[in-house]
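Happy to walk through this one with you.

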Amino acid sequence: MPNEPKYFGESLPYLKPFEKKGKLIAIEGTDGCGRSTQVALLKNWLEVRGYAVVETGWARSNLMHKSIELAKSGNTMDRMTFTLLYATDFADRFENLIIPALRSGHIVLSDRYVFTAIARDVVRDADSAWIRNLFSFALVPDVTLYMKIDIETLIPRAIEGGGMNYWEAGMDMHMGQDLFDSFVNYQSALITEYNKLSKEFNFNSVDATKSVDEIQKDIREIVKPVLAEKPKVKK
Amino acid sequence: MKVFEKKHGYPGKLFIVEGVDGSGKSTQIDLLKKWLESEGYSVFYTEWNSSELVKETTREAKKKNLLTPTTFSLLHATDFADRLYYQIIPPLKAGMIVLADRYAYTAFARDVVRGVSPKWVRDLYSFAVKPDISFYFDMPIQIACERILSNRAEIKFHEAGMDLGLHPDVRESFKIFQGRIMDQYKKMVEEFDLTAIDATHEIHDQQDVVREKVSECLKGYSTKRTIYAKRAKVFWRKFTVS
């Protein structure tokens, strides 16, 4: 069954079985690796080729937007609360956007996916079994593009691209004397974690140290075969 | 992580009450609080679904009926986590007595009735600490429903489980929903070793039993209030960033 949805664990018990006509493409990579730029380019390319695309991104649900902002502005410092805020945001987008879009044959481009939550939490010493259970209802993407970058290349990009912020530097973890040290230590830990996840979940790595155009070319090469398995028309 | 496997090692004590709406649990915890304070203990009280962080979001989402069983469950877990780390564990570390009106068991009952997996929701809350005593106020469903239906002019949409589409009539839906929740509670009494109290007894008789159990648990515990004897209402002062 090519269109049988595949989940990390058990699917939501109340979710009606459905035929997954669309494709789920996740793009992962640490802060400032150029993910959003690539998502925009890929979306455009797919649409030109006639595919209907739905884009979704981390913390973008209408439901949780306000609470997440409130938390980020300093009204909580607890890791578990943060994780659950993001999980609620994800579940909302998953049930109300991702599933319906896949059901109707769209290509879903997910700027960050559950791996982001796992990486961030494991860096913060979370129980890895707990976090995996939390997201066990999520669909396994058809392809997970991983924009692999090293810390040396990331630093100048972060500075040129709007600067380092409090959360991207993991300042809640007190990993350095100043913003810069903290950024380097935190992002290095995240990259290490992403690399581990890449092996465990068979990510398709893309060398994100290349130029924007070259990266996009590589991404398209990976995406093409996924599109080729077109769902058969059922009578 | 197994759910509520071991006791918390904090110097404080945690007592919680559970039961369906109308079982009288809030009255009982209120009386317990008055008594403990009169005995000179430092008491901290917290209730389900009251964290500032998600209050607004939950209220709005419920009003507009935007929630799925999973987001409903996760929002309440977020509320719980926020209160656990700000209102439950810090006072326990400070050696206070914490009283909670509803605990994770409420989620185990309600969320499962709404359709989430029992195992998933139990694992979700596995970061919680095990209460020293969990009182469950047991009452026949008819009496509990009558109490609520006769005392309240309006039953809220989610209180009646209207999101489940059980019955078009709010009051009928309420009865079915509460009945199912009660079934879940009944199963949990053994699973989590809840202390069942017969909620059909007179209020003061129930309170006697509650106080007796609490006294027993407080043997050897002696932390009393400071000489200032002020009542702690907020453990953490919130701050705003403008």
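Q: How many residues of chain B are in contact with chain A?
A: In this predicted model, 29 residues of chain B are in contact with 31 residues of chain A.

Q: Which elements give two or more residues to the side of chain B that touches chain A?
A: Those are helix H2 (52-63), helix H3 (69-93) and helix H5 (118-124) of chain B. The largest share, 10 residues, comes from H3(B). By class, this side of chain B has 17 nonpolar, eight polar and four charged residues.

Q: What makes the contact of H3(A) with H4(A)?
A: Thr83(A), Tyr86(A), Ala87(A) and Phe90(A) of H3(A) meet Val114(A), Ala117(A) and Asp121(A) of H4(A). By class, that is five nonpolar, one polar and one charged residues.

Q: Why can the buried residues of H8(B) be said to line one face of the helix?
A: Gln206(B), Val210(B) and Val214(B) are buried in H8(B). Seen down the helix axis, the buried residues fall within an arc of 70 degrees, so they line one face. On the other side of H8(B), exposed residues include His204(B), Asp208(B) and Glu212(B).

Q: What do the buried residues of H8(B) pack against?
A: Their partners are strand E1 (13-18), helix H1 (25-38), strand E4 (133-138) and strand E5 (195-198) of chain B.

Notes. Residues numbered from 1 in each chain as written. Chains lettered and ligands numbered in written order. Predicted model: local features only at pLDDT ≥ 70, side-chain atom pairs only at ≥ 80, totals over all residues. Contact = placed C-beta atoms within 7 Å. Helix = DSSP H or I, 4+ residues; strand = E, 2+ residues; numbered from the N terminus. Nonpolar A, V, L, I, M, F, W, Y, C, P; charged D, E, K, R; others polar. Buried ≥ 20, exposed ≤ 12 C-beta atoms within 10 Å, placed from the backbone. Arc of directions from axis to C-beta.
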